[in-house]
Amino acid sequence: MRFLGNIEAKTDAKGRVFLPAVFRKQLQTAGEEQLVLRTDIYGKCLVLYPESAWNRRLDEISAKVSEWNEEEQMVLRAFMAEAEVLVLDGNGRFLISKRLLQAAGINQSVRFIGMNDTIEIWAAEKTEQPFLPQAEFAARLKDIMSRQQEQY
């Protein structure tokens with residue numbers, strides 16, 4: 001499942017927002033009913049994971065974290081503590097908690113950005129400017145695409 005799109009929406013007074021129809025259809029086709037929402041690791045946005053994508057990430061992290069290493073457990077704990085399980089209501093809406101709205105700096109207007117197997121949710125005003133200037137984007141992409149694939 002790969003999400004693609006850049007769609008603006010609005011939250012209501014309670015923090016509910018409609019998941020864009022194009023993303024809802026993909027989730028329904030894949031049989032995904034539960035979603036996980038958490039703050040992004042790097043940017044000031046939220047990341048919406050279909051349950052299967054969340055489980056893959058969690059399995060990947062858990063496989064590398066030792067239960068006997070206190071620092072590693074703190075990283076896992078920090079990752080898990082920011083996550084909330086969501087289910088779409090009958091109208092295709094979900095509630096974003098006040099805690100997560102504040103963490104992402106979201107007031108009312110949001111932008112959904114498809115990011116491979118996840119969907120990012122940004123405060124719309126933070127996406128008005130490009131994430132990178134075009135020349136810098138081109139140079140960084142060239143660097144990324146020309147380096148050898150690293151083994152993890």
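**Entry 1: D117 and its partners**

I began at D117, whose side chain is joined to that of R56 by a polar contact of 3.0 Å. For polar contacts I take a pair of N or O atoms within 3.5 Å; within protein, one must be able to donate a hydrogen and the other to accept it, and residues adjacent in sequence count only if both atoms are side-chain atoms. A note on the source: this is a predicted model, where local features need pLDDT of at least 70 and side-chain atom pairs count only at pLDDT 80 or more, while totals for chains, interfaces and linings use all residues. Residues are numbered from 1 along each chain as its sequence is written, and side-chain values use heavy atoms, with hydrogens and water left out.

Next I looked up the salt bridge of D117 with R57, and found the closest N and O atoms 3.0 Å apart. This pair links distant parts of the chain, 60 residues apart: D117 is in the loop between β7 (109–115) and β8 (118–123), and R57 is in helix α2 (residues 51–64). My salt bridges need a side-chain nitrogen of Lys or Arg within 4 Å of a carboxyl oxygen of Asp or Glu. Helices (H or I, at least four residues) and strands (E, at least two) are DSSP runs, numbered from the N terminus.

Is D117 buried or exposed? I find D117 buried, at 13% relative accessibility, whereas R57 is partly exposed at 27%. Here buried means under 20% relative accessible area, exposed over 50%, and partly exposed in between (1.4 Å probe, protein chains only).

I also see R56, R57 and D117 linked in a network of salt bridges. Leaving aside neighbours within four places in sequence, D117 is in contact (heavy atoms within 4.5 Å) with M1, F3, P50, A53, R56 and R57.

**Entry 2: other salt bridges**

How many salt bridges does a search of the whole structure find? I get eight.

One of them joins E136 and R140, at 2.6 Å from N to O. These two are four residues apart in helix α5 (residues 134–146), so about one helical turn separates them. E136 is partly exposed at 32% relative accessibility, and R140 is partly exposed at 44%.

I then checked R16, which forms a salt bridge with D12; their closest N and O atoms are 2.7 Å apart. R16 is partly exposed at 26%, and D12 is partly exposed at 28%.

**Entry 3: T11**

I found T11 in the loop between β1 (6–10) and β2 (16–18). T11 is buried, with a relative accessible area of 4%. Which backbone oxygen does the side chain of T11 reach? I see the oxygen of N107, at 3.5 Å. Not counting residues up to four places away in sequence, T11 touches R16, V17, N107, Q108 and V110.

**Entry 4: aromatic rings**

My count of aromatic pairs comes to five. Among them, F3 and F23 are edge-to-face, 5.5 Å centre to centre with 90 degrees between the planes. F3 lies in the segment before β1 and F23 in helix α1 (residues 21–30), so their pair ties together parts that are 20 residues apart in sequence. F3 is buried at 4% relative accessibility, and F23 is buried at 0%.

Y49 is buried at 7%, and W54 is buried at 6%. Last, I noted that ring pairs link Y49, W54 and F79 into a cluster.

Definitions and conventions: Phe/Tyr/Trp six-rings, centres within 6.5 Å; stacked < 30°, edge-to-face > 60°.
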